[in-house]
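I opened this model to look up a few local features and note them down. The entries follow in the order I made them.

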Amino acid sequence: MTNKGNHVIPNAHFHKHWERRTRTWFNQPFRKLRRAKTRKAKAAKIAPRPLHSLKPIVRCPTQRYNIRSRLGRGFTLTELKNAGLSKRFAQSIGISVDFRRRASNLDTFNQNVQRLKTYTNNIILFPKGKKAIKGEATPEEMKMAAPYEGKVVLPIAKQSKKVAPLELTAELKKKSVFHERRHARRVRIRAGRAYNKTDDN
């Protein structure tokens with residue numbers, strides 16, 4: 001029986017077997033447990049080496065987020081060169097290398113070079129052969145080595161954003177932010193009008 005009036009004739013399709021086209025994810029908790037066990041087994045296998053490699057500190061893209069710092073993909077070849085490391089050797093001691101990234105910010109560049117130097121000064125290199133060569137650990141140093149338990153190698157230190165309260169003086173009480181902003185606006189408008197009246201424009 002159709003509805004009253006000039007409407008679309010009901011033509012609902014209820015035999016599409018939607019349950020065949022849906023995918024369940026009931027094994028998600030088990031997958032999480034399995035990944036954790038795999039990480040734990042890998043950490044025990046490669047111990048005392050850290051599970052993750054060293055990452056550089058980079059700025060987030062776009063003007064909206066470039067005040068934030070995060071871990072990048074890998075160090076640039078210039079950063080490795082200034083730290084006294086080759087790309088092959090850096091990859092062999094757990095340092096990520098990114099051949100495409102360019103270090104355009106001088107502050108970030110110096111920060112990453114210092115990060116590499118800190119890492120190389122704190123690691124203990126086990127000898128590949130029977131005898132230790134220059135830069136590799138002695139048997140006494142190898143006994144002192146302990147596995148790194150952190151999730152991130154050299155994590156970014158969080159900086160406090162708290163600003164100390166400013167003491168309210170008599171001079172500050174006399175100032176008016178509203179009038180200062182209004183005066184700056186007037187100066188800008190007058191400067192623009194004066195510029196437009198010049199002969200060049």
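I began with Arg 101, which is partly exposed because its relative accessibility is 21%, and the buried class ends under 20%. I keep in mind throughout that the model is predicted.

I looked up which residue forms a salt bridge with Arg 101 and found Glu 79, with the closest N and O atoms 3.0 Å apart. The pair links distant parts of the chain, 22 residues apart: Glu 79 belongs to helix H3 (residues 77-82), and Arg 101 to the loop between helix H4 (87-92) and helix H5 (106-122). Glu 79 has 0% relative accessibility, so I put it down as buried.

How many salt bridges does the structure hold? I counted 2. The cut-off for a salt bridge is within 4 Å. Arg 100 is exposed because its relative accessibility is 64%, whereas Asp 98 is buried at a relative accessible area of 9%.

I checked the peptide bond between Ala 47 and Pro 48 and found it cis, with omega about 5°. Pro 48 sits in the loop between helix H1 (28-46) and strand S1 (57-59).

I then looked for positive phi in residues other than glycine. Thr 62 has such a phi, about 70°, and this residue is in helix H2 (residues 62-65). Its relative accessibility is 53%, so Thr 62 counts as exposed. Leu 154 also has a positive phi, near 50°. I place Leu 154 in the loop between H6 and H7, and I list it as partly exposed because its relative accessible area is 26%.

Which residues form a nonpolar patch on the surface with Leu 166? I found Leu 168 and Leu 172, and the patch has about 340 Å² of accessible area together.

I looked up the positive surface patch and listed Arg 182, Arg 185, Arg 186, Arg 188, Arg 190, Arg 193 and Lys 197. Arg 188 is in helix H8 (residues 177-196), and it counts as exposed because its relative accessibility is 57%.

Thr 198 falls in the segment after H8. A polar atom of the Thr 198 side chain is 2.6 Å from the backbone oxygen of Tyr 195. I list Thr 198 as partly exposed because its relative accessibility is 33%.

Technical notes: Residues are numbered from 1 along each chain as its sequence is written. This is a predicted model: local features need pLDDT of at least 70, side-chain atom pairs count only at pLDDT 80 or more; totals for chains, interfaces and linings use all residues. Side-chain values use heavy atoms; hydrogens and water are left out. Patches are made of residues with over 30% relative accessible area and no salt bridge: like charges are joined within 9 Å, nonpolar side chains (Val, Leu, Ile, Met, Phe, Trp, Tyr) within 5 Å. Accessible areas come from the Shrake-Rupley method with a 1.4 Å probe; for residues, only the protein chains shown count as cover. A salt bridge is a side-chain nitrogen of Lys or Arg within 4 Å of a carboxyl oxygen of Asp or Glu. Lys and Arg count as positive and Asp and Glu as negative; His and the chain ends are not counted. The place of a charge is taken as NZ of Lys, CZ of Arg, CG of Asp or CD of Glu. Helices (H or I, at least four residues) and strands (E, at least two) are DSSP runs, numbered from the N terminus. Buried means under 20% relative accessible area, exposed over 50%, partly exposed in between (1.4 Å probe, protein chains only). A polar contact is a pair of N or O atoms within 3.5 Å; within protein, one must be able to donate a hydrogen and the other to accept it, and residues adjacent in sequence count only if both atoms are side-chain atoms.
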